[in-house]
Amino acid sequence: MPSVSSPQDLPARPRPGVFSRLGHALRDPVLIEPAIIALGALIVAAAVFSLFLLVLGKSPATFFSLVWMGGFSSWFSIQNALQRAAPLILTGLAFAIPARIGLTLLGAEGALVLGGLTAATIALPLQHWSLPALVILPVMASAAILVGALWMGLAGWLKHARGVNETISSLLLTYIAIAIASFLIEGPFRDPASANKPSTQPLGPDLRIGEMFGSSVHWGLAAGLVLAFVLWFLMARTTFGFAARITGGNLRAAQGQGLAVGRLLLTCCAIAGGCAGLAGFFEVAAIHGQANASLAAGYGFTGILVAFLARQNPLAVVPVAVLFGALDAAGGLVQRRMEMPDATMLVLQGVIFLVLLVSDTCYGRLPFLNYTRSGDRT
Amino acid sequence: MSQSDLMIVLYAMIGGAIRVSTPFLFVALGECLTEKSGRINLGLEGTLILGAMVGYAVSYNSGSPWLGVLAAGGGGIVMGAAHGWICKLPKVNDIAVGLAFMSLGTGLAFFFGKPYIQPSAPRLQSLPLGGWSQNPQVQQALSVNPLFFVGILLAIALWWGLRNTRAGLTVRMVGDSAASARAMGVNINMVRLLATAAGGFLAGVGGAFLSLSYPGSWSEGLSSGQGLMAVALVIFARWNPLRCVLAALLFGAAGALGPSLQSIGISYGYHFFNAAPYILTLGIMVASARSKSAAKEAPRELSIVK
């Protein structure tokens with residue numbers, strides 16, 4: 001019979017130092033693989049887009065230097081980028097959270113528009129009763145969150161109760177939301193003074209959310225950062241998040257374990273809708289000051305791309321949102337200096353999206369990573 | 001509402017249903033073929049917009065609208081084949097790739113379509129089938145684009161072909177059981193790539209109809225989810241090309257509701273009536289989800305019904 005050595009018999013190994021632990025972490029596929037593949041995808045997408053520019057006879061070098069100038073080079077452009085990153089963080093979270101539970105939910109644009117409209121209209125009677133802004137602003141934000149949560153919760157409920165495919169239903173709900181908003185903005189809630197561009201009545205100056213610390217970046221960015229951290233904690237460090245990730249990994253196993261799958265699905269959808277609704281609140285209270293067609297600016301759709309690039313990790317959503325905010329901010333500059341249509345950035349986004357999805361095929365196949373060491377990779 | 005108003009709305013609805021349904025019909029037939037092979041292509045929305053732009057641009061530059069239709073189909077083939085090729089890579093999700101093509105197709109169409117918003121390109125001529133009637137509304141309702149009839153013939157051909165030909169059997173087998181198809185020596189990736197490319201061709205033609213017949217000009221707001229609704233329509237039609245025709249007509253009628261009411265001066269709630277097709281789609285999806293007969297007819301390899 002072979003002798004079994006107990007752990008006490010083994011010679012004590014020296015405790016690994018900081019550098020060796022760091023080296024260990026850097027070779028851990030779970031941590032480093034998504035970063036390598038996402039960065040690689042961005043580089044390849046930039047190369048593909050350069051090729052596209054070369055075919056059109058434009059200079060890729062000019063393009064990328066303009067993106068740098070418009071998005072990162074000065075404090076002014078960085079503020080511009082952060083300003084646009086704020087809604088993108090929230091809509092990115094709105095895609096990432098349901099994705100962790102296995103739902104491809106695209107309704108952020110609709111929830112954002114309805115949330116913004118709700119915030120803009122609920123403020124008017126409160127303003128009329130001359131309540132202080134410190135009361136009205138939280139009411140506006142909660143109403144926007146609630147409407148967004150209900151709207152996206154609807155897609156989750158249809159999925160759970162009726163088995164309706166959530167991707168298609170949430171996109172249809174987005175079109176319906178925009179139609180409802182256009183109807184209300186051009187009909188009952190229209191400010192008669194808005195002649196050319198139908199809008200709701202403008203908010204009073206005390207209801208406009210100011211900028212943070214003397215910058216031109218509004219508080220939506222802070223809200224996005226806090227929510228990103230809170231939702232990361234929720235998904236990664238709590239039983240709720242664990243249950244949600246199990247459900248996303250294997251629905252049958254989750255049901256077999258007796259998890260309340262329906263409640264988990266609905267909660268994730270409602271969180272997503274709440275994030276998008278909050279983004280709508282900040283767009284109204286910090287940028288537009290009223291609800292109009294500018295609310296449907298496509299943040300909800302760009303958020304999908306942000307979440308994909310962040311691999312549905314709430315913390316990674318933040319830097320990716322800043323990157324896309326910078327691209328968005330540089331759009332005008334590229335348009336003017338290179339005489340290219342505003343759809344240039346749409347093409348770039350499409351290319352990044354596509355290359356990114358193709359890069360999914362590299363997972364588990366990078367030759368220089370030792371996959372067997374870390375056990376299961378989820 | 002008087003009797004004559006009702007007749008005007010009715011005529012406008014019939015004519016509108018025929019006109020509005022044609023792009024639905026083409027996209028739905030294309031998606032039907034793709035889904036029969038076991039893949040879903042949500043990117044047809046992007047293909048539709050790109051097709052509309054390419055069709056309009058080629059018609060403007062060559063002077064021949066039919067050449068534009070062909071070119072739009074060609075653009076659709078490229079998009080579909082790219083989708084089919086990318087989806088064969090392991091670990092790649094076909095729904096997500098569809099979303100990417102939706103955004104890429106829209107981006108490319110807006111990028112290259114800028115110079116074509118102003119100029120007017122030669123349109124496809126409609127066939128005046130209402131000549132027997134003195135009533136101008138009937139005449140207007142029955143001036144039908146030949147592409148509508150092409151679509152109906154295509155639906156019959158597709159229905160017959162899927163049932164009775166060897167190629168149709170192969171497509172159905174790949175869509176129902178990839179393992180059996182592989183055991184029979186069929187190259188499933190190639191079959192799906194061809195089915196997606198053919199689906200892309202039809203969606204491109206549907207897009208050309210949008211810009212060259214009805215509404216009949218190129219603008220960035222031309223398509224508003226028709227490609228996407230067509231995907232839901234295929235599920236509603238239970239993957240049967242003949243039922244796709246009926247479903248497309250129903251969706252066309254819903255889409256024509258807003259403009260018809262406007263023609264007699266009812267414009268209140270215009271946006272609501274414009275949302276009618278989306279609400280109808282959603283209602284149909286809710287009603288037809290989890291139905292046993294639908295589940296029986298669904299291609300087994302399809303990711304959205306699993």
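Predicted model: local features only at pLDDT ≥ 70, side-chain atom pairs only at ≥ 80, totals over all residues.
Helix 5 (residues 108–128) of chain A packs against helix 7 (residues 166–186) of chain A. The angle is about 25 degrees, and the axes lie 8 Å apart. Angles under 35 degrees count as roughly parallel, and helix 5 of chain A and helix 7 of chain A are therefore roughly parallel to each other. The crossing is left-handed. Helix 5 of chain A contributes A:Glu109, A:Gly110, A:Val113, A:Leu114 and A:Leu117 to the contact. Helix 7 of chain A contributes A:Thr174, A:Ala177, A:Ile178, A:Ala181, A:Leu184 and A:Ile185. By class, the contact residues are 8 nonpolar, 2 polar and 1 charged.

Over all chains, the structure holds 8 salt bridges. One of them pairs A:Lys159 with A:Glu166, with the closest N and O atoms 3.3 Å apart. A:Lys159 is partly exposed, at 29% relative accessible area. A:Glu166 is buried, at 4%.

B:Lys114 bridges to A:Asp342, with the closest N and O atoms 2.9 Å apart. This pair crosses between chains. B:Lys114 sits in the loop between helix 4 (94–113) and strand 1 (127–128) of chain B. A:Asp342 sits in the loop between helix 13 (314–338) and helix 14 (344–359) of chain A. Both are partly exposed, B:Lys114 at 32% and A:Asp342 at 43%.

Within chain B, B:Arg243 forms a salt bridge with B:Glu297, at 3.4 Å between the closest N and O atoms. B:Arg243 lies in helix 11 (residues 241–263) of chain B and B:Glu297 in helix 14 (residues 292–297) of chain B, 54 residues apart. B:Arg243 is partly exposed at 32%, as is B:Glu297 at 31%. Shared partners also join A:Asp342, B:Lys114 and B:Glu220 into one salt-bridge network.

Conventions:
Residues numbered from 1 in each chain as written. Chains lettered and ligands numbered in written order. Heavy atoms only, no water. Axes fitted to C-alpha atoms, helices over the stretch in contact; angles between N-to-C directions. Helix = DSSP H or I, 4+ residues; strand = E, 2+ residues; numbered from the N terminus. Parallel < 35°, antiparallel > 145°, perpendicular 65-115°, else oblique. Left-handed = near helix turned anticlockwise from the far one by under 90°. Contact = heavy atoms within 4.5 Å. Nonpolar A, V, L, I, M, F, W, Y, C, P; charged D, E, K, R; others polar. Salt bridge = Lys/Arg side-chain N within 4 Å of Asp/Glu carboxyl O. Buried < 20%, exposed > 50% of the residue type's maximum accessible area, 1.4 Å probe, protein only.
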